[in-house]
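User: Could we go through the ring contacts and one of the strands in this model? Please start with the term for a charge over a ring.
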Amino acid sequence: MKTSGLNPYLPFWETVPDGEPHVFGDRVYIYGSHDRLGGTSFCEEDYVCWSAPVEEPGVWTCEGVIYKKMQDPLNGAPYGKKLPEIGMPLGTEENPHLLYAPDVAQGPDGRYYLYYALDFVNVISVAVCDTPAGQYEFLDFVRREDGTIPDAGRWFDPAILSEESGNYLYYGFAPARKFPGMENVIFPGAMMVKLAQDMHTIISEPKCVANGIDTAKGTCYEAHPFFEASSIRKLGNRYYFVYSSLQGHELCYGTADTPEGPFVYKGVIVSNGDLGYEGNTLAVNYTGNNHGGLERIGDRLYIFWHRHTHGTAFSRQGCADEVKIQEDGTIPQIEITSCGLHDGPLPAKGAYDSCIACHLTEADREQVGQVVMSGPGEAVPELPEEMPYITEEADETGEKGLKPYIRNLRTGSAAGFKYFQFEGTESRITVELRGLGCLEVRADSPDPQAGTMVGSAAVDSMNWKRVTTGIQVEAGKHALYFLVKEGTVDFASFEIV
């Protein structure tokens, strides 16, 4: 049995972070960056698009490459006008500027406009297409009519809203540590400009709509300053501005009555380590940067976010979880799950890959921190010895010739999956393992002082081995955890019967 709507919602081998979901017609489309599986820096690939029917949002189809980095004139593509000043060399085939987080909107002429920034060039570019997932063509740079670009905020991580009242572009980057040469630059936070009907000419001066660290003191953003990852939606009569805070792992939001803001900070929607959820102070997974947006699909509202694999910041995968808007317009922080776009808990029947784990911790929970990353041109550091992580290996029988699994689960490590709907008649579970060790299967909590041990399994093999244990779980909704009691194992899949 294959269950759709899991987290990550795309196939395990696809790495599309920074996901901006948009419903156009009867399909939902995902626009995002494109990491390389096992990559060593952010956004190494060209843009691809995936789409799914609104009535079946877990059944995704790859629309293919929709835009290539070498189509931008700042990477050498033909352009008949004067290029913007970027203060760095143009990209080349051998060393191109990379396509960072994009957004898409349908413009007043019915065409689709894709906004993006090439890594740190401090310019936003626009491409256009007649269909949501066709071949986009470079249109122009976002500039004033006279060709100048306002020197206010950092032109990075664009978000676009096109409606009857006008076209609104949001952007910004506000780090705590300034890059060399930026030591005295003030980054106010998230900025907004209005665009003309041509969708690229700036017709208003930039306005700060959410405060960053340089301007947040004494404002509602002081505890969660804007960092990056602008995203904008109109839901009902309110405008919701979603962003990544300086904490990095969380997506926060503010609301306003108009698209011009300013947006009033309201709270955290999601953390990719569940930090802050119901007062949680220990991460349930290794954290890293986060970026995503809200979208109503059918009668449900989801927040799209991303997680990290391979133990590093550079192989990110898109996830989604349902959110609820309260009567006062606020959104309580949600719990990250393995269910994703599935309608409720997953059935406690059939086989599941371990890569859908939403909980992944080592024995010392206080050491479950950020994933490993490196600066441009630097080698990626070695992973911490105790760190378990999702990865893959060659397997000619697997999808795309690959086998996903969790590597390096040591004594005290736990992999968890939320949630399953048990009928109470399930009798056994088969776990695919290799290594030398034994583990417990636990319901509801990995903590030996909480939850319930429902089975156990042991392995002594350097090859993959399927180990079966009887289980007994009460009918109802339960999380499942696999807790290593002793040894070191790799974990590929499990099947409930």
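Analyst: A charge sits over a ring if NZ of Lys or CZ of Arg is within 6 Å of the ring centre and within 35 degrees of the ring normal. By that criterion, R434 lies over the face of Y405, 5.0 Å from the ring centre.

User: Which residue lies over the face of Y419?
Analyst: That residue is K477, at 4.5 Å from the ring centre.

User: What should I know about the model and numbering?
Analyst: This is a predicted model, in which local features need pLDDT of at least 70 and side-chain atom pairs count only at pLDDT 80 or more, while totals for chains, interfaces and linings use all residues. Residues are numbered from 1 along each chain as its sequence is written, and side-chain values use heavy atoms, leaving out hydrogens and water.

User: How many aromatic pairs are in the whole structure?
Analyst: The search finds 40 aromatic pairs. Rings of Phe, Tyr and Trp (its six-membered ring) pair if their centres lie within 6.5 Å; planes under 30 degrees apart count as stacked, over 60 as edge-to-face and the rest as tilted. With centres 5.4 Å apart and planes at 70 degrees, the rings of Y9 and F304 are therefore edge-to-face.

User: Where do Y9 and F304 lie?
Analyst: Y9 is in the segment before β1 (20-24) and F304 is in strand β18 (residues 300-308), so the pair ties together parts that are 295 residues apart in sequence. Strands here are DSSP runs (E, at least two residues), numbered from the N terminus.

User: Are those two buried or exposed?
Analyst: Both Y9 and F304 are buried, meaning under 20% relative accessible area, with exposed over 50% and partly exposed in between (1.4 Å probe, protein chains only).

User: And what about Y47 and Y67?
Analyst: Their ring centres are 6.5 Å apart and their planes at 25 degrees, so this pair is stacked. Y47 belongs to strand β3 (residues 47-53) and Y67 to strand β4 (residues 61-67), so the contact ties together parts that are 20 residues apart in sequence. Y47 counts as buried because its relative accessibility is 1%, and Y67 because its value is 0%.

User: Changing topic: which strands pair with β11?
Analyst: Strand β10 (residues 166-171) runs antiparallel to β11, joined by five bridges, and strand β12 (residues 207-211) pairs with β11 in the antiparallel sense over four bridges. Two strands pair if DSSP finds at least two bridges between them.

User: Which residue is the bridge partner of Y168?
Analyst: The partner of Y168 is K194 in β11. On the β12 side, A190 has A210 as its bridge partner.
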